[in-house]
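Morning, everyone. Please look at the screen, and I will walk you through the model.

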Amino acid sequence: MANVGDVLIISFVGFKKQEIMLRNQQVLEIKLEQEEKLMDEVVVVGYGVQKKINMTGAVATLSGKELESRPITNVGRGLQGQLPGLTVRSQNTSPGNSAPEIRIRGVGTWGDANPLVVIDGIPGGNLNILNPDDIENVSVLKDAASSSIYGVRGANGVILITTKKGKAGTTSLNFNSYYGLQTPTALPNFLGSVDYMLLQNEANSNANQGPTYSEKDIETARNGTDLNYFANTDWIDEVYKRNAAQQNYNLSLQGGSEKSSYYASYGYLGEGGLVVGDNFKAGRHNARLRLNTELIDRVKIDANLGYIDRGYYGSASGTGALSGATSIRPLVPVRFSNGSWGYHGGQSNPVAVATDGGTNRFTSQEITANVAATLNLMKGLDIKGQYGLVKYNSKRNTLLKTINYFSPDDNKLIYQTNNPNSIKMDHYAGTYQTFVGTANYITTIQDKHNITGLLGFSAEETIGNDFWASRQNLPVQELESLAVGTENQLNSSSSNQNALMSFFGRLNYDYKSKYLLEGNFRRDGSSRFHKDVRWNWFGSFSAGWVLSEEHFFEKMKGFWDLAKIRFSYGTQGNDKVGRDFPYMATLASVQMTSNNPIGDEGQVGFRQTFIPNQFITWESAEKTNLGLDLAFLNSRLSLTGEYFINNTNAIILNPPLPDVIGVGTAYPAQNSGSVQNKGWELVMGWRDQVGDFRYAANFNLSDVKNKITKLENFANNLGDQVRLEGYPLDAFYGFVADRIAQESDFNLVDGKYVPKFPFQKGDLVAPGDLIYKPADADATEITVLKDRVILGSEIPRYTYGFRGDLDYKGIDFSFFLQGVGKADGYLGGAARHPFINNSAMPQDVHLDRWTPDNTDASYPRLVYMRTHNTRLSSKWLEDAAYLRLKNIQIGYTFPTAMMERLESLN
């Protein structure tokens, strides 16, 4: 028997669980609320929303709840592994500056390949400075059917961000926070002084040079009797901290009535740096206010205001402290015995650089505002006007301080870095404005024919103004002020401006949600092109068939609930050509400071710095997509598959011209390249409930093959990464390494080793060196021109993610795995190879180098100042595939009835 105060739990598969606290009711009327079906959910698309069941495009979605529950510093990192076809790669991990590289379905151009970001209907936003806690949902538009409505802006895909708004009901106040520690987990392990000295002498000997260090020197380092000149410093340990704090606080207030609602939020993110000293850190404040109201039952107003105040701080030398830690000898102490910074010549002290070398402080304030008004003219017909504004004001102060080094013997000044000291102040300001007007009409004819039409117009303008000034020789290094500088006073400025005007439309038709058709068009005009080629048409066509709505499918319902096939084809453009006015002959100032024929004095003049091209026009993306949506077992099992081919044509290239033209490498751009991205995507989901136990799993896997299909009149720079027809963009290009040569691979002639295999002329080849395979088996010499081949690509393939969720009586557990199945990585130069120069230090992996006593080594013999073993080859290309546990979480949710009981006690 149930008593007053007991909690009755009602649950059934396919319906939302309810908890009801018993009072004095004699009869309970319980109405189960059906859970939103997998394919009936509403998805945000370009300039509107659509039911997922009626969609014919390739759109991936993510709820903001998936971002709220993870300790992420920016939205881009939070998207990694969550959505198929979306590749996220970290480029920089410094605090406040860790925005990753985002690509949708491969790399479509070698210009700007970033996707368009649209925040609450306003294009061009920065998703990485948004507060993840403010996000309601994310939609990624991947094919032409979904993204061609954005025309010139959507060639690289589109990411739609919708922020939260208030909900009708009781006012709610929410607060969440976390505090965590970041810890470096994979750092290089450099050798100590004695091993370094022994290997240095060995590398010298292999290069036919005498030893750098005597036995007495080595013994001194071993005994530690002279810490000024023979120290044993672990520079990685000295530069990196054990951990760094990361903290986040979010406060939000929301509520409203049926016709009006509000949402207000504030968030703070603080990041500490892992580099020694207090220079590396970042902070970000986010504030947002969103108001929604309905007037006279016909007008809806949506006002959204955001403010971001952020800053990140680092060393004036950038990442110089990190690179310095990998390139300084362990013999150098952090500090001499007299307290001065340690210095042996030729290599900067990274701890001194990080601590006393100066600061780089960046601060920025950004205001985002958009106001939208929707008027219902008649049943089914709405017109909407939206104005958006993004305004930023940023500053960067770079204070480069002089570091003095004093001899431990007589305290005399022996060296200075950053002399003279200097200060530079940069100021960046910009304004983006846009207006979007749309008319949307929805009608149903005879309860069978559903038609939706959209017509729209948009205009947008971007204006930027930058200014910088610098001075040298500051008598006081602790004051960040231009007024303190006394010498070499310089300043300059720059500006940019571009505009875009567009007309667009969309028509959707479905018959009983069974047969689906959609068409999109857009006509764009960009200020970046000459008036004769400024305007262009883009569009798409798509169709879908929901087989599960056919009569012949009825008998399979219950087991097979949904079957839907989709097809789309369309074109899009890209006007990001690198310059605002590439078709105009513009002049730039130039200052002659010496050898000036006009009085032999410095003069300021103007000259043309690049050659314009009036015929340069849009890059054009042509996209084809075939999709399949399936659901089984009362929609507990879902599956979505996609196959796509994206061809980007008329890519901007800069074919070289003779140097006598006088523009250096600023060659005129022209449309003459093509790239193809072809691949597939798979998403599988399962969710179920057994009694009080609920569980769900979601897995996504995608692959894309990238290749250049056309390079017209373009001279290739055949370095370590190249662009060649038929191969991926920036493919690795080098020699094929066979193995490490042994003494048996040589003939001994007059006491000298003569190789039996082909090698490159000028190489000092001996046992322990790499043997390269020639392209021609009969070749007697290895050459750079003939024997290098495509070795691989850094573009990830087989990207995947897996999320698991478990819930039992309020206890929840979730985890998220993410990885890449195939990618090539290359680490070269001093970071991988010791003794190729005086700043290339040996690591523990180099102990397993080839010697006459260690012929089965993993690393070739060490040769001082020689690079014939360290050229890019298959030997040094590494497997960059990985699997990472991104997040694991456990929580408990207090029952609703318990909270209501506590509320009633108050």
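This is a predicted model: local features need pLDDT of at least 70, side-chain atom pairs count only at pLDDT 80 or more; totals for chains, interfaces and linings use all residues.

Tyr405 itself belongs to strand 19. Is Tyr405 buried or exposed? It is buried, because its relative accessibility is 0% and the cut-off for buried is under 20%. Asn349 and Tyr405 are 56 residues apart along the chain. Their C-alpha atoms are separated by 9.8 Å.

Next, Ser340. You will find Ser340 in the loop between helix 7 and helix 8. Ser340 counts as buried because its relative accessibility is 8%. Beyond its neighbours within four places in sequence, Ser340 is in contact with Val334, Arg335, Asn404, Tyr405 and Phe406. Now pick another residue, Asn700. How many residues along the chain lie between the positions of Ser340 and Asn700? They are 360 residues apart, and their C-alpha atoms are separated by 56 Å.

On to Trp341. The charged end of Arg335 sits over the ring of Trp341, 3.6 Å from the ring centre. There is another case of this kind at Trp876. There, the charged end of Lys875 sits over the ring, 5.8 Å from its centre.

Now the nonpolar cores. The largest one has 46 residues. Which residues have the most contacts inside it? They are Tyr196, Met197, Trp235, Leu331, Trp341 and Phe835. Several elements give two or more residues to this core, among them helix 4, helix 5, strand 19 and strand 38. Helix 4 provides the largest share, five residues. A second core is separate and has 20 residues, including Leu62, Leu67, Ile72 and Leu79.

Stay with helix 4. It has 14 residues. From first C-alpha to last, helix 4 reaches 20 Å, close to the 20 Å expected at 1.5 Å a residue. How many of its residues are buried? Ten of the 14 are, so to describe the helix, I would say mostly covered. The buried ones include Tyr196, Met197, Gln200 and Glu202. Helix 5 is part of what covers them. After helix 4 comes Asn208, and its phi is positive, near 60°.

Strands next. Strand 12 covers residues 169-182, and strand 13 covers residues 244-256. These two pair in the antiparallel sense over twelve bridges. Gly180, for one, has Gln246 in strand 13 as its bridge partner. Strand 13 also pairs with strand 14, residues 260-272. That pairing is antiparallel too, over eleven bridges. Here Gly256 is partnered with Ser261 in strand 14. Strand 13 and strand 14 form a hairpin, with three residues between them.

Last topic: aromatic rings. A pair of rings is described by the distance of the centres and the angle of the planes. The whole structure holds 30 aromatic pairs. Why is the pair of Tyr343 and Tyr415 called stacked? The ring centres are 4.4 Å apart and the planes are at 5°, so the pair counts as stacked. Tyr343 is in the loop between helix 7 and helix 8, while Tyr415 is in strand 20, so the pair ties together parts 72 residues apart in sequence. Tyr343 is buried, at 11% relative accessible area. Tyr415 is partly exposed, at 36%.

Now Phe802 and Phe815. Their ring centres lie 5.7 Å apart with planes at 40°, so this pair is tilted. Phe802 is in strand 40 and Phe815 in strand 41, 13 residues apart. Phe802 is partly exposed at 27%, and Phe815 is partly exposed at 23%. Finally, Phe552, Phe553, Phe559, Trp560 and Phe632 form one aromatic cluster.

Note on methods
Residues are numbered from 1 along each chain as its sequence is written. Side-chain values use heavy atoms; hydrogens and water are left out. A nonpolar core is a set of buried Ala, Val, Leu, Ile, Met, Phe, Trp, Tyr and Cys residues joined through side-chain atoms within 4.5 Å. Buried means under 20% relative accessible area, exposed over 50%, partly exposed in between (1.4 Å probe, protein chains only). Helices (H or I, at least four residues) and strands (E, at least two) are DSSP runs, numbered from the N terminus. Two strands pair if DSSP finds at least two bridges between them. The expected span of a helix is 1.5 Å times one less than its number of residues. Contact means heavy atoms within 4.5 Å. Rings of Phe, Tyr and Trp (its six-membered ring) pair if their centres lie within 6.5 Å; planes under 30 degrees apart count as stacked, over 60 as edge-to-face and the rest as tilted. A charge sits over a ring if NZ of Lys or CZ of Arg is within 6 Å of the ring centre and within 35 degrees of the ring normal.
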